[in-house]
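Hello,

I am handing over the structure below. My notes on it follow; please read them with the model open.

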Amino acid sequence: MSDERVHIRPDIAVLPAYKQGRQAAADAFKLSSNENPFPPLPGVVQAVQAQTAFNRYPDATALAVRAELARRFDVTADEVHVAPGSVAILHELAKATSGPGDEVVYAWRSFEAYPGVVTVAGATSVQVPNRPDGGHDLDAVAAAVTERTRMVIVCTPNNPTGPIVTADEFDRFMASVPSTVLVVLDEAYAEFVTDPAAVRGGALIGRFPNLVVLRTFSKAYGLAGLRVGYAIGPQYVLDAVRACAIPLSVTAQGQAAALASLEREDELLERVAELADSRDRIVAALRDQGWPVPDAQGNFVWLPTGTGTAAAAEAFEAAGIIVRAFPPEGIRISIGEHEAVETLLETARSLVGDLT
Ligand code: PMP
């Protein structure tokens with residue numbers, strides 16, 4: 001056999017694959033992937049179980065889900081796009097707008113998938129440091145936009161640090177970015193937001209020709225394993241996105257689960273409110289301990305553990321809690337089972353003197 005190798009794009013050859021949050025042993029709490037700790041509702045399980053025609057392709061257009069979302073957001077079904085997770089839509093948006101020589105601007109640190117999404121499209125990432133409080137510095141993000149910028153991603157609440165972008169900040173930002181640049185408002189955690197000052201993508205739909213709002217069924221609706229995300233935006237943008245999509249990739253089971261979840265939204269949002277309450281209590285307790293925890297508006301909290309990040313993550317793991325480490329900045333802890341809270345706070349207390 002020849003030892004010659006096929007040509008891999010040089011930028012891809014050095015690109016690491018997306019790294020998933022660590023799995024947990026049976027007796028540990030997995031608080032490393034911002035998942036919803038509640039099991040699926042029985043009605044959602046039944047809707048999935050009713051989809052047994054595995055020999056048939058699913059509806060490639062996910063029309064029933066799009067129609068229901070369109071009704072809720074008061075847009076047409078063509079202004080809604082459904083994909084296997086909002087991360088798939090990020091890839092589709094980057095491919096549709098950006099290629100070699102083009103720039104994609106986003107605040108950093110933010111969602112770990114952004115750099116890979118941009119590289120895969122062949123474009124260049126421009127990362128703008130967050131403010132010391134972990135929030136986006138949107139004026140600096142706007143200032144980083146050049147004639148080469150094709151897309152800007154704004155993540156609110158920001159994963160992994162937690163703060164929101166305010167409606168006022170976002171309005172000012174949109175006014176300063178040319179309408180030829182696509183702005184993606186990544187609202188993966190929107191349903192957990194309780195701060196009245198926060199920007200709400202749903203309220204902005206139709207106001208800007210260059211805005212796409214990205215949401216997911218993975219977090220608040222607890223369907224991470226079934227892979228359903230969606231985007232709301234101008235039809236001409238979403239038509240381009242659909243052209244970049246891998247066909248037929250949203251399963252019939254995912255579509256059925258999304259629809260059944262929308263039907264049971266009240267019950268699901270009660271769970272979300274419970275998680276948001278738990279988050280607020282955890283943040284208050286951590287601040288009481290002396291941790292400078294940034295505002296947390298998603299289903300996770302950020303502990304700024306600095307150079308002690310790896311050691312802190314190990315301490316949590318030893319206590320039975322798997323967290324996500326971002327050395328040398330901090331660790332992100334998802335709001336999970338109630339039973340994990342006491343151990344979480346005890347472990348944080350044992351670390352606080354050394355790390356702050
Ligand atoms: N955006 C953000 C900010 C996220 O944190 C995540 C998941 N961690 C996603 C998008 C992607 O979620 P999904 O593909 O499950 O919809």
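Strand E6 (residues 182-186) and strand E7 run parallel and are joined by four bridges. Strands here are DSSP runs (E, at least two residues) and helices are DSSP runs too (H or I, at least four residues), both numbered from the N terminus. Two strands count as paired if DSSP finds at least two bridges between them. Leu-185 has Val-213 in E7 as its bridge partner.

This is a predicted model, in which local features need pLDDT of at least 70, side-chain atom pairs count only at pLDDT 80 or more, and totals for chains, interfaces and linings use all residues. Residues are numbered from 1 along each chain as its sequence is written.

E7 also pairs with strand E8 (residues 229-232), this time antiparallel, again through four bridges. Leu-214 stands opposite Ala-231 in E8.

How many of the residues of E7 (residues 211-216) are buried? Six of its six are.

Nonpolar means Ala, Val, Leu, Ile, Met, Phe, Trp, Tyr, Cys and Pro; charged means Asp, Glu, Lys and Arg; the others, Gly among them, are polar.

Next, a helix pair. Helix H4 (residues 86-97) packs against helix H9 (residues 235-244) at an angle of about 105 degrees, with the axes 8 Å apart. Axes are lines fitted to C-alpha atoms, for helices over the stretch in contact, and angles run from 0 to 180 degrees between N-to-C directions. The two helices, H4 and H9, are therefore roughly perpendicular (65 to 115 degrees; under 35 is roughly parallel, over 145 roughly antiparallel, the rest oblique). Ile-89, Glu-92, Leu-93, Lys-95 and Ala-96 in H4 meet Ala-240, Val-241 and Cys-244 in H9, where contact means C-beta atoms, placed from the backbone, within 7 Å. This contact has six nonpolar, no polar and two charged residues.

Regards

Terms used:
Contact = placed C-beta atoms within 7 Å. Buried ≥ 20, exposed ≤ 12 C-beta atoms within 10 Å, placed from the backbone.
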